[in-house]
Amino acid sequence: MALRVVCYLNQFFGQLGGEEKAGVGPQVVDGAVGAARAVQQALGDAGTVVATVICGDNYAAEQAERAVAEMVPLVAAARPDLVVAGPAFLAGRYGVACGALCAAVQAQLEVPVVTGMHAENPGVELYRRQVHVVQTGAEATRMLDDVKRLVALGLKLARREAIGAPVAEGYFARGLTRNVVAGAVAADRAVAMLLDKLAARPFASEVPRPAFPHVPAPRLIKTLEGATIALVTDGGLVPRGNPDGIEALNATRYGAYSIEGKTGLDAAQYDNPHRGYDTTWVKQDPHRLVPVDVARELERSGAIGKLHETVYSTVGVATTLAHSARMGAEIAEKLRAAGVDAVILTST
Amino acid sequence: MTPVAVMVGANRIVPAAGIIHPLGSADLSPDDEKALRRRIVEQALQALRTEVARPTVFTRE
């Protein structure tokens with residue numbers, strides 16, 4: 001049975017007009033218009049584009065929630081088995097709109113969706129975890145090839161067939177981990193990869209390295225003599241009893257511990273749940289991890305303006321990048337609000 | 001672990017005394033251990049007032 005397909009296009013690909021029509025609101029046209037004809041061509045006998053929903057880029061970008069809320073019923077009325085949005089190529093407003101509509105249709109109508117964008121379209125980062133976003137070129141010059149790949153994946157989704165890995169199917173990784181049975185054990189695969197590398201043959205790592213965005217180094221505006229310095233650690237310092245229940249590994253929590261009135265850390269009052277290194281020595285003397293004694297002396301001698309009275313601590317072992325980034329941002333926000341100028345973060 | 005700090009993009013990195021006791025050493029006398037700790041903290045302060053454009057490891061002068 002041929003599938004019912006609804007396409008989503010912006011005003012340009014929907015042939016309403018160019019930038020001067022970017023403010024037009026959602027509308028629906030029977031059958032395939034504009035770029036949706038390429039979808040129909042790629043579908044062949046497998047499906048029929050029963051309707052094309054079109055919305056201006058500015059309308060969709062400037063009042064995104066309203067635009068999506070207006071479009072979902074238009075999509076629902078056409079009773080689709082599959083929704084194909086775009087492809088949006090490198091067009092940012094269009095890409096974000098495609099992602100937002102797909103996410104809403106998938107969640108509210110439980111209809112399979114697929115969209116397509118260039119890797120640098122902001123819609124990719126915003127929506128690739130929620131919906132299947134097929135990688136396309138930057139421009140529409142190879143529209144039919146790109147649309148064929150969108151439709152191929154869309155048909156699999158609509159038929160509830162098994163979806164292969166991102167690289168095999170051509171969509172952006174959704175951040176999901178799935179167990180597969182490999183053809184050879186890890187040692188054999190690693191040696192094969194090494195031999196390929198030595199012979200300058202192409203090879204692909206099975207563990208993609210996370211990309212760490214460049215963070216500009218802030219400049220210390222004040223002199224050290226006038227600055228408030230805070231101590232932070234990922235080495236697991238906690239008060240005895242671990243009142244915040246910071247996990248021994250894969251931490252999701254951090255603690256804020258007062259050192260007000262303390263010239264040093266009394267080992268009897270502290271503990272360390274960190275399971276990523278032998279904590280014997282830092283339990284004997286917590287200053288081996290958090291140098292409150294020396295920092296107090298530097299404060300007293302005037303080498304630094306002030307030592308911040310709160311030490312932040314978490315456990316940095318097998319901690320996910322997402323939790324690390326969140327905890328770091330939260331701690332930084334609190335330090336900034338407290339007027340801290342700089343941080344010494346001690347790490348194990 | 002400084003290569004890891006460089007890889008993740010930490011901008012000002014001071015090598016410390018070791019993973020199990022970054023700011024100390026059980027092999028030293030208490031006075032020498034504290035002097036070591038003070039040297040590392042002072043080097044960190046020196047790093048804080050140094051402008052950097054990329055992850056930089058501040059090795060001991």
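Is E169(A) buried or exposed? Let's work through the views and find out. This is a predicted model, where local features need pLDDT of at least 70, side-chain atom pairs count only at pLDDT 80 or more, and totals for chains, interfaces and linings use all residues. Residues are numbered from 1 along each chain as its sequence is written, chains are lettered from A and ligands numbered from 1 in the order in which they are written, and side-chain values use heavy atoms, with hydrogens and water left out.

View 1. E169(A) is buried, with a relative accessible area of 17% (buried means under 20%, exposed over 50%, partly exposed in between, with a 1.4 Å probe and protein chains only). You'll find E169(A) in helix α7 of chain A, residues 166-169 (helices are DSSP runs of H or I, at least four residues, and strands are runs of E, at least two, numbered from the N terminus). Leaving aside residues up to four places away in sequence, E169(A) touches L153(A), K156(A), A162(A), I163(A) and G164(A) (contact means heavy atoms within 4.5 Å).

**View 2. The polar partners of E169(A).** The side chains of E169(A) and K156(A) are joined by a polar contact of 2.9 Å. That term means a pair of N or O atoms within 3.5 Å; within protein, one must be able to donate a hydrogen and the other to accept it, and residues adjacent in sequence count only if both atoms are side-chain atoms. A polar atom of the E169(A) side chain also lies 2.8 Å from the backbone nitrogen of G164(A).

**View 3. Where chain B meets chain A.** Here 25 residues from chain B and 32 residues from chain A take part in the contact. Together the two chains bury about 2,600 Å², with 66% of it on carbon and sulfur atoms (buried area is the accessible area, 1.4 Å probe, that two parts lose on being put together, summed over both). On the chain B side, I20(B), L45(B) and L48(B) lose the most area to chain A, together 21% of what that side buries.

**View 4. Charges across the interface.** The rule finds five salt bridges between chain B and chain A (a side-chain nitrogen of Lys or Arg within 4 Å of a carboxyl oxygen of Asp or Glu). One of them pairs E51(B) with R219(A), whose closest N and O atoms are 3.7 Å apart.
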